Amino acid sequence: MKASFKKIVRFMTAVVLSVSLFACSSPEAGETDSKDRKYTITSIDFLYSDIPPKDGKGIERINKRFNVDYKRDYGIYTEYKEKLTTRMASGEIPDVIGFESQMDRSNFFKWANQGAFLPLNDYIDEYPTLKSVPPEVWNAVTVNGKIYAIPKYFPEHYLNTPVIRKDWLDHLDLKMPTNYKELEEVAIAFTKDDPDGNGKDDTYGIVVGEHLWPHYNFGAYWDPNAWYHKNGKGQLIPGVISEQQKETIQRMRNWYKEGAINKDFVLTNPNEANTKEFYAGKAGIIVRGPVEMREANMEALQKIHPEAELAPIPPFKAPDGSQGYTAGSGYYMMNALSAELKDDPGKVKRILDIIDFGRRFYPWENRNPENEDFDWLYGREGEGYEMKNGTPTLTDPVKGRAPYHYMLDNKMWAPSNEANHFWKTYQNKAYQNLALELEKMHKETRHYSNPVHQVYSETDARKGLEITRKLFDEQAKIITGDRPVSDWNKIVKAYLDGGGQSIIDEVNQEVKEKNIGPEWK
Amino acid sequence: MKYRGVTGRIADGINAVALLLIAFSMLFPFFYIFAVSFSSLEDVIRSDLLLWPTEWVTDAYEYVLNSDQFVRSFFVTVYVTVVGTFVNILFTATMAYGLSRPVPGRRIILFMVVFTLLFQAGMIPTYMVVKETGLIDTLWSLILPVAINPFNLIVMRQFFLNIPEELHEAAIIDGANHLQIFSRIILPLSKPALAAFSLFYAVTHWNNYFSAILYINDPAKWPLQVVLRQIVIVNEPDAALRGAQRMMENPPPPETVQMAAILLTTLPILFVYPFLQKYFVKGVMLGSVKE
């Protein structure tokens, strides 16, 4: 009796003690002085660019400005998934976790479902750069109504679209093609009529690579990657199995026969298609977007054909009356916050402060030393960056002088696609012009918002890439004549049976749940 | 034997041609890398198959050698290779010696060694051990977890077992203890074995990549292979790899930079090979014949 009484007392004391402890560390106590409190913030991500040192000046600057002890790890992109998996599984979860958003979707959704991330819905309205994210982008990172990640910016309308050698068109006195028939005439003329005027039969119309890269289409209606058409059951289907794609493949079969497509395209990787074919002055048509084009390529082409000039091919009018290219997902890469932060709103806010700061958009005229915030972000003029022809250029990223290299998110969230003025990033006149023309074309035409970007299909994440590639490879065989066109249904059936139907079911179910309507913008 | 029939000669000819072809197919990539690394981007774009630079350009090498990261990681790798190999040999040889003597419980210990040869803990448990021992972000994380390769240990033990027992007895009569026997008799007799295993270990350290990715977060401590990978990624053209096929132009690479980095990373270990090849052959044969 006595013993059990003692036990109860001990138990009660423990409860009281732990409750009072809890009270001490409760949010209220933290919140009152959270502004002056120094937080340790850990994060992990990867970079396509050079990786800055752990102790760069940029880190120091972030520590000072945000009153934090900022620890940022970068993994190597190709092994990032393994690194992240190991960290997460060993319980060493950083406060902020960076994700690639296209190739590695399965881990993100798996962990989100397991409750590893902090729902961010309540914070969105407090930050201008989060508020300006459109609903279709939030949809992509929402699981059961909870937003689990903050996407980084990528212009929604600026996917790669077909561009053509304008100088060749002019030389042969041809007009910009406006439908597939005219396109075919141009492609064949590029092949047979010596568009570069060197008297040699060394050119052709359209450059293609393995897996049918770059999935040529002249509007969402024909886009193999757009979920635009419906099947007999009323389900949205990927364009790659649509009747329209069948027509495209038949057309390409004909072009291939005429020599208007490179003979060995099934063995040409995209890099070779770029450098060894198009920028070597052999082909007349390729795809380009206004973002991050490599100027060295254009310079190499100009050494071969000094008058080389590129122009976008505007979208064709489709039989259903639509006219416009497909929009992208509107983001690329993202940050999730650890669920362990749920009891520490002060720290969450500090993290979001840092994220928000890196996302602030400055128009070109404000990207200079006069803009205090920008100057800080880029690590002060003459130190972290230099002004070259009015364009700020970061110096030596491996030195890590600018906070920019370390920010959780350093992609400015632009208020509109046009606001970016990507053409200003080019020194090469021909590219400047091409980017300007592309931006103009995208502004003047509408874009189809692709529903598949807003949903998550587990089957797609697991084997979508693989079976779609295989499908493209089989379609390539029809183009080269190794398979008859009559095999089309067989090929599509193999895709559907190999997991394609599950993808279609999963996508359509979530499209219904999230109430996503096909939309032109 | 002196006289060989026509068929024999034809067979020889076929062998020679086949071997030459194989040798060529192995050398060709190096040759190609060499040529590209010294070429201008324009040359790379223009020619279908580049075999010899039309003009010699050293920009790629200047770029790579001027980068602090590359040079620093080179020394990191040299450090890990030298220290790591020393640790490997020290621990492998001492343990092999112990296990080659009739000490109590050696069967159990040997069994535990063989067990790790067949069954290994996965990536995550190993990571947790490294983490809990406080090795994360230190170069020791690249050395200690792989201090002993069980296969090498067993082969070395076999080598020690082949040393005549009489030598031991003679040494003991002369009043030597185990340490003296080991250092004055066993080790000097095992020089070829030690050389071969040093090479095996050194090459493994030199090429070590994956564990560095997992255990080292500080870019200043990354070994050469990791930095090389990042250089290749920064200069990576392949859209599929970027997963951005639908969004960006894949900036075709300063391919020459990739190639220069690859060559610089491979060369040192490449130079070591031919001179130590004889030990390799010996190493492979070690313990294979028992008297």
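This is a short walk through chain B as a whole, then a few sites in chains A and B.

Ground rules first. This is a predicted model, where local features need pLDDT of at least 70 and side-chain atom pairs count only at pLDDT 80 or more, while totals for chains, interfaces and linings use all residues. Residues are numbered from 1 along each chain as its sequence is written, chains are lettered from A and ligands numbered from 1 in the order in which they are written, and side-chain values use heavy atoms, with hydrogens and water left out.

Start with chain B. How many helices and strands does chain B have? There are 14 helices and zero strands. Helices here are DSSP runs of H or I of at least four residues, strands are runs of E of at least two, and both are numbered from the N terminus. Read from the N terminus, chain B goes α-α-α-α-α-α-α-α-α-α-α-α-α-α.

Now burial. Chain B has 291 residues, and 43% of them count as buried. Buried means under 20% relative accessible area, exposed means over 50%, and partly exposed is in between, with a 1.4 Å probe and protein chains only.

Contacts next. Take the contacts in chain B between residues at least 6 apart in sequence: 70% of them join residues at least 24 apart. A contact means heavy atoms within 4.5 Å.

From the record: an unreviewed UniProt entry annotates "transmembrane region" over residues 12-34, 74-97, 109-130, 142-160, 181-203 and 257-276 of chain B. Positions are in the numbering used here, feature names are shortened, and such annotations may be inferred rather than shown by experiment. Look at two of those stretches in the model. Residues 181-203 of chain B are 96% helix and 0% strand, with end C-alpha atoms 30 Å apart. Residues 257-276 of chain B are 100% helix and 0% strand, and their end C-alpha atoms are 30 Å apart.

One residue in chain B: B:Ser73. It sits in helix α4, residues 68-100. Is B:Ser73 buried or exposed? B:Ser73 is buried, at a relative accessible area of 1%. Its side chain reaches the backbone oxygen of B:Phe70 at 2.8 Å. Not counting residues up to four places away in sequence, B:Ser73 touches B:Trp222, B:Pro223, B:Leu224 and B:Val227.

Over to chain A and across to B. A:Glu79 lies in the loop between β2 (68-75) and α4 (80-89) of chain A. A:Glu79 is buried, with a relative accessible area of 15%. Which residues does A:Glu79 contact, leaving aside neighbours within four places in sequence? They are B:Tyr209, B:Phe210, B:Ile213 and B:Arg229.

Next, A:His447, in strand β17 of chain A. A:His447 is buried, with a relative accessible area of 0%. Its side chain makes a polar contact with the side chain of A:His157, at 3.3 Å. A polar contact is a pair of N or O atoms within 3.5 Å; within protein, one must be able to donate a hydrogen and the other to accept it, and residues adjacent in sequence count only if both atoms are side-chain atoms. The backbone oxygen of A:Thr445 lies 3.5 Å from a polar atom of the A:His447 side chain. Beyond four places in sequence, the contacts of A:His447 include A:Tyr325, A:Glu519 and A:Trp520.

Now the rings. Rings of Phe, Tyr and Trp (its six-membered ring) pair if their centres lie within 6.5 Å; planes under 30 degrees apart count as stacked, over 60 as edge-to-face and the rest as tilted. By this rule there are 47 aromatic pairs over all chains. One is A:Tyr228 with A:Tyr448: edge-to-face, 4.8 Å centre to centre, 70° between the planes. This pair links distant parts of the chain, with A:Tyr228 in strand β9 (residues 227-230) and A:Tyr448 in strand β17 (residues 446-449), 220 residues apart. A:Tyr228 is buried at 14% relative accessibility. A:Tyr448 is buried at 1%. Both belong to one aromatic cluster, whose members include A:Tyr180, A:Phe316 and A:Trp520.

Last, charge over ring. The rule: NZ of Lys or CZ of Arg within 6 Å of the ring centre and within 35 degrees of the ring normal. A:Arg65 lies over the face of A:Trp376, 4.7 Å from the ring centre. A:Arg367 lies over the face of A:Trp364, 4.4 Å from the ring centre.
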